[in-house]
Every structure is written in C-alpha cells, then in structure tokens.
Amino acid sequence: MLSSLMYVSKRSANCHQEEVIDIFRSSERNNKKANITGILLYSDTLFIHYLEGDFDQINQLYDKIKTDYRHKHIFIIEIIPVKERKFPDHPMIIRSFNLQNSIFWHLLDNEDAKSLQSILEQYSQTGDKILSMIERILYLH
C-alpha cells in the first residue's frame, strides 16, 4: 500500500554538513532500491523529513532512522495511505533552510509560518499543513 510518513527531529550537535551530505547520498542510493521518494529539509538544528513508498518499506526505513545518532527527539507527524506520490521522480530531494533568516520567514505565508513555529515549539501539527509548507519551500528555491 502506498503510504507517506512525515517526521520532525532535532539535528544532533555532532551532525556536521558533511554528514548531511552523506545522508543525502545514502538516501538517494538506498531509496532508489526500495522505491522510496521524498524530501528532507534541514536547518542547523532541525530535520523535517517526508517519505513516500510502500508502507513496509518506509516503516523499515523509519526504524533505521530512529537509531541514527544524527537525529534525536524524533516525532512522527503522520503516517497515512496516499493515492499518489508528491515527489515521484526523486528518491531524495534535500533543501536547507535557516530559521534565523528573516528572508526565510517572509517566503512563507502567515499560515505556513505559524505551522512551522508550532512544530518548533511543540512538534505537533497536521501533516497536510507541513507538506504544503514543504512544497512551497521546495518551489521557492
């Protein structure tokens, strides 16, 4: 069954830029084999990850991610069945964002900014709002 999984995690202090690049490279390679697609947004302190693929495959990947030292305080926003993929041609898209950059916040509409602020403060928000925000950030680059 085609599903999507979205989670937020804190980026470990010892996860440097080179390791984020390693995450991208291994994700691109492994996701292609498992027919998983999605996007990883990252800042200096946070990961927001959206995955889509076979339910069992993304569940196995999530189990692996939970043990990865580069993440901590992982929180699933949602895991749901989907009718089609949002990122069908991309085993892994990766984008950075800077939470301290006022330009970043101005790229978001008020609703998206509030959704992101809610995630940062409480790790609680519906996945549709977050996915909408991710899509806007992706296409603004």
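The following questions and answers concern the predicted model shown above. Residues are numbered from 1 along each chain as its sequence is written. In this predicted model, local features need pLDDT of at least 70, side-chain atom pairs count only at pLDDT 80 or more, and totals for chains, interfaces and linings use all residues, while side-chain values use heavy atoms, with hydrogens and water left out.

Me: In which helix is confidence highest, and at what mean?
Reply: Confidence is given by pLDDT, the predictor's score for each residue from 0 to 100. Over the chain its mean is 82, and 72% of residues reach 70 or more. Helices here are DSSP runs of H or I with at least four residues, and strands are runs of E with at least two, numbered from the N terminus. Confidence is lowest in helix α3 (residues 102-107), at a mean of 60, and highest in helix α2 (residues 55-66), at 94.

Me: Is Phe 55 buried, partly exposed or exposed?
Reply: Phe 55 lies in helix α2. Buried means under 20% relative accessible area, exposed over 50%, and partly exposed in between (1.4 Å probe, protein chains only). Because its relative accessibility is 30%, Phe 55 counts as partly exposed.

Me: Where is Asn 35 found?
Reply: Phi of Asn 35 is positive, near 60 degrees, although the residue is not glycine. Asn 35 is found in the loop between α1 (17-34) and β2 (37-42).
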